[in-house]
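Thank you all for coming.

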Amino acid sequence: MAELLWKIGTTLGQGSFGVISLASTSNALFRGVTLPSLIALKSCNLSDSQSLKEEVEIIRMFKHSPYIIHYFGANVSFEDNVNLYNLLLEYASGGSLADRL
Ligand SMILES: Nc1ncnc2c1ncn2[C@@H]1O[C@H](COP(=O)(O)OP(=O)(O)OP(=O)(O)O)[C@@H](O)[C@H]1O
């Protein structure tokens, strides 16, 4: 269950397909992988998650690239009476390229 896996923190950004939040994990085990203590969660309503699911397919194609944010997996959580589809992503602590330009 999500509440055992992570604790939602500050909002990092808003994309076209989901909200990105910082989450602390207490190094929880997720499908056999120990999560880092901080991850980025990209979440949207499950009923509107087709675009995020397509994003997952693309991220997975690049899973061995050191230049692409690491993807730990996806799950569905039930929060505030809403089913959320969540992507568990590496937290890029250095900000975006746009921030540096
Ligand atoms: N893994 C991450 N670590 C840290 N911040 C992130 C991460 N992913 C997204 N963000 C923050 O959230 C913002 C929105 O990210 P997202 O990838 O959803 O959208 P985008 O690619 O910028 O836009 P769009 O979805 O419209 O193409 C980013 O600009 C960044 O500030």
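A polar contact, as I use the term, is a pair of N or O atoms within 3.5 Å. What we have here is a predicted model, in which local features need pLDDT of at least 70 and side-chain atom pairs count only at pLDDT 80 or more, while totals for chains, interfaces and linings use all residues. Residues are numbered from 1 along each chain as its sequence is written, and side-chain values use heavy atoms, with hydrogens and water left out.

With that in place, a nitrogen atom of the ligand lies 2.9 Å from a polar backbone atom of Ala 92, and a ligand nitrogen is also 2.9 Å from a polar backbone atom of Glu 90. On the side-chain part, a polar atom of Lys 42 is 2.8 Å from an oxygen atom of the ligand.

Which residues are around the ligand? Taking those with a heavy atom within 4 Å, they include Leu 12, Gly 13, Gln 14, Ala 40, Lys 42 and Ile 69. Strands, meaning DSSP runs of E with at least two residues, numbered from the N terminus, contribute as well: E1 (7-14) and E5 (38-45) each supply at least two residues of this shell, and E1 gives the most, with 3 residues.

Finally, Lys 53 lies over the face of Tyr 85, 5.3 Å from the ring centre, where the rule asks for NZ of Lys within 6 Å of the centre and within 35 degrees of the ring normal.

Key
Polar contact = N/O pair within 3.5 Å; in protein donor to acceptor, adjacent residues only side chain to side chain. Helix = DSSP H or I, 4+ residues; strand = E, 2+ residues; numbered from the N terminus.
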